[in-house]
Amino acid sequence: MQNFYKWGFETFFGSVFNTIITLLSLIILFFFINSILGFISTSEWKVVEVNRRLLLIGRMPPEHEYRVWPILWVASYLIMASIKTWGSPSYRDLLFIALGITIVCVIFTTSSTYLWVLTSLLICIFSYVITSFIGKSTTANNKNKKILILLWILLLPIIFTILLIGDGPKPTLWGGFLLNIILACIAIGFGFPLGILFAIGRASTLPAIKIVCTIYIETIRGAPLVAWLLLAWFVLPKFLPQFWGINEVSVVVRAMIILSAFTSAYTAEVIRGGLQSIPKGQIEAADSLNLGYANKMVLIVLPQAIRVVIPALISTFIGVFKDTSLVFILALTDLLQVGRIIPEQDPEFFGRQLEALCVVAFLFWIISISLSNLSKKVEKSLGIGIR
Amino acid sequence: MNSIVDKLYVLSRSQKFRNLIIQFIFLIFVGLFVYYLISKALQLDITLGHFVSRAGFGISHTFVVDYTSNDSRWFAYFTGVVNTIRMCIVGIILATILGTIMGVARLSKNILFSTISYLYVEILRNTPLLIQIIFWQIVFLQLPRISEAITFKDTVVISNRGILLPYASSTENGYGNLWIGIILIAIIASLFLSFYINKREDIHGKVIKLYNFKLSGNIIGLIIFFTIASISFFILQKPYDIDLPSLYQNDKGTYLQSGGFEFTPEFGAILFALVMYTGTFITEIVRGSIQSLPKGQTEAALAIGLSNYQTMTLIILPQALRSIIPPLTNQYLNLTKNSSLSVVIAYPELFMVSRTIMNNSGHALPVFFLILVTYLSLSLVISIVMNILNRRVTRIGA
């Protein structure tokens, strides 16, 4: 006990400087907690309660709402199975995941949709249990991994089929959280492979390819994303070919094109860092084995280069996910726009912007923090691999 | 005959020839694509001729430049650029200070201090900047209305129209601009002088001494700067004076405010959000750099009797600076580009103004190229400055 007091005294009041810091920190923490408590005591969450559907799918017609739930089922199966297969989560991680899922479900569940949400929760548990059962045998586990990778690649087509099949709503009607997630998936799904190509191009020894790739990357990175989106809003249709009505693409597709191009440039820069970290001996060894250029890249260089930069890649992807909120410039109603609009629609909710904004911020935060924890985990496991 | 075929065969197997062919084919495709883009672009108006015409829209925040809606679009654009540059300079300085403090705090033994830093990074880094800008705007608009403004003895006025602070303003004798010019020349001159003296000391070991007290280049530069500034200040008969803000009611009972430095809710919101958001990334950079230093450095510094504060400022941070600067440059560039998000709360910086011009004129493409060029040159300036700094930092002790 004496030790404890001594430790406490030394950490908090060890020197004059330390004492000042402690007092300052106490003041800051007091203000922080005080303002949060003040906000909670005066807040009314009805603005969020009555607008749950808007937050989730935006202006999508209610009769198409059922299309969202199969996507949620597939996604929850994939995510939980992948977490179990590759993540080897501890109990703390599981608790964190469960808490996050519960809060998100609480935000989005209404009396008419609770059955759908319950089903997807059951699918989460089912997929976790069945994957841990499969994980006991190595051969089944390897087969399972292949199936999961295939499913991840097929995820985008599956989402689009579900959303568009039959008499689906027009892409312009997509909105809310769904739009953010679709845009992020598209941007990463197209931007990542393109980024690899541009990174290889920029690291190439052939001057023509190198210069063209460098110009592309630096031009895209030169202007802010909002400026590119504004360009898409004004002039992109005039640059697209005029057959099959491509030039009249909807605003959502324009946002997808711009976001993918943007992601590819930023990803390329990250991967270039990985390419530079590959020891020259690896390339020489590949050459001495008489591997062709494509084989050398795909089998030797890229796996090592990407492995090194996985944490940086994930933080780029987090950035892309956060940047999907910028599509307000194309007059799309993404989650943030919905959050800004709903308090203004009804005089009853006047002055309740902070509540709506808090929920929006939380939804972005929970996805980003999960990805960021994933990146920390990968970083740790990579460190073990290297040493 | 046979020999030519042989030679061609040999040529076709050579790496150089293949590389040339590949590049040639690649360039043809790129060329076709660029030709397509240019041919499409030529169908649009790609000149900036309309920029000389009257702008016709007001800009709510102007700094230094006096813009009215009768000026040309060029001038409106220039006003936006000035606003952007002002935001970036203030933002970069504040974000660096905040990030460094929080980065050191993250590794502090004081649990309270490191908890604050941890919460700060984890909460703010993972929410979009746009949300933070809107959040700060809402917070600033919740300040008391102007009729109930908080005043501190006529020096500070706080209301939801903005925070007014005392500021310098040029007096009526008209020497204000002249004095600013003299100050700028004095800054450049004293920088060169201190640079020269420091270099002389580094290379030749010659030191200027005044009664056994060593005068380094930095001190001499500062002395000369302040001497020139104060002497010219008195010669020009007080070209600048302190401008106190005031709050008054006109005869209709409307509250008006005037004078002082106006810190508007829009500027405050975008600045706060940019500084807080970029600060989180700088925090992580500083933390990573400090952690990458060998622990022996701290132990050695403590062993020779330096205090914790001295260890940090004299031993750890100067060494960490070498690995901090390259990623820091990246964050500065991000801050510059992110300042364009102030369009969401209608703060008239470069991007907002150009969007208005695009809407008014209908010629989007040339304006976009102007934006691109402006941001690229801003990035270039930041990169050059940071590269010079980097060279200086890596030179020490190398």
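Predicted model: local features only at pLDDT ≥ 70, side-chain atom pairs only at ≥ 80, totals over all residues.
Leaving aside its neighbours within four places in sequence, which residues is Thr264(B) in contact with?

Start in chain B, with strand E2, residues 156–159, and strand E3, residues 162–165. E2(B) and E3(B) pair in the antiparallel sense, over three bridges. Two residues separate them, and the two strands form a hairpin. Within that pairing, Ser159(B) stands opposite Gly162(B) of E3(B).

E3(B) has another partner, strand E10 of chain B, residues 261–263. E3(B) and E10(B) run antiparallel as well, and three bridges join them. One of the pairs to look at is Leu165(B), whose bridge partner in E10(B) is Phe261(B).

That brings us to Thr264(B), which is found in the loop between E10 of chain B and helix H8 of chain B, residues 265–292. Its contacts, with neighbours within four places in sequence left aside, are His61(B), Arg161(B) and Gly162(B). Is Thr264(B) buried or exposed? Its relative accessible area is 9%, and the cut-off for buried is under 20%, so Thr264(B) counts as buried.

Glu284(B) is buried, at a relative accessible area of 19%.

On the domain level, chain B is divided into domain 1, residues 2–42, and domain 2, which takes in 51–130 and 266–398. The C-alpha centres of those two domains of chain B lie 44 Å apart.

Now the interface between the chains. Chain A puts 55 residues into the contact, and chain B puts in 50. The area buried between chain A and chain B is about 4,800 Å², and carbon and sulfur atoms give 77% of it. As for polar terms, there are 11 residue pairs in polar contact across the interface, counting pairs with both residues at pLDDT 80 or more. Several helices of chain A give two or more residues to the side that touches chain B, among them H1 (2–13), H2 (16–42), H16 (335–345) and H17 (353–386). H17(A) gives the most, with 11 residues.

How many salt bridges does the rule find across the interface of chain A and chain B? The rule finds one. The side chains that meet in it are those of Glu122(B) and Lys376(A), at 3.5 Å from N to O. This pair crosses from helix H4 of chain B, residues 111–125, where Glu122(B) sits, to H17 of chain A, where Lys376(A) sits. Glu122(B) counts as buried, at 10% relative accessibility, whereas Lys376(A) counts as partly exposed, at 39%.

Another element to look at here is helix H11 of chain A, residues 225–234. H11(A) is mostly covered, with eight of its 10 residues buried. The buried ones are Leu225(A), Val226(A), Ala227(A), Trp228(A), Leu229(A), Leu230(A), Leu231(A) and Ala232(A). The cover comes from both chains: it includes H10 (207–222), H12 (236–239), H13 (251–276) and H15 (293–323) of chain A, and also H11 (350–361) and H12 (364–395) of chain B.

Last, salt bridges in the structure overall. Over all chains there are 11. One of interest lies within chain A, where Arg202(A) forms a salt bridge with Glu218(A), the closest N and O atoms being 3.1 Å apart. That pair links distant parts of the chain, 16 residues apart, with Arg202(A) in helix H9 of chain A, residues 176–202, and Glu218(A) in H10 of chain A. Arg202(A) is buried, at a relative accessible area of 13%, while Glu218(A) is partly exposed, at 31%. The pair belongs to a network of salt bridges that links Arg202(A), Glu218(A), Glu269(A) and Arg272(A).

Technical notes. Residues numbered from 1 in each chain as written. Chains lettered and ligands numbered in written order. Heavy atoms only, no water. Pairing = 2+ DSSP bridges. Helix = DSSP H or I, 4+ residues; strand = E, 2+ residues; numbered from the N terminus. Buried < 20%, exposed > 50% of the residue type's maximum accessible area, 1.4 Å probe, protein only. Contact = heavy atoms within 4.5 Å. Domains from an automatic or database assignment. Buried area = accessible area lost by both parts, 1.4 Å probe. Salt bridge = Lys/Arg side-chain N within 4 Å of Asp/Glu carboxyl O. Polar contact = N/O pair within 3.5 Å; in protein donor to acceptor, adjacent residues only side chain to side chain.
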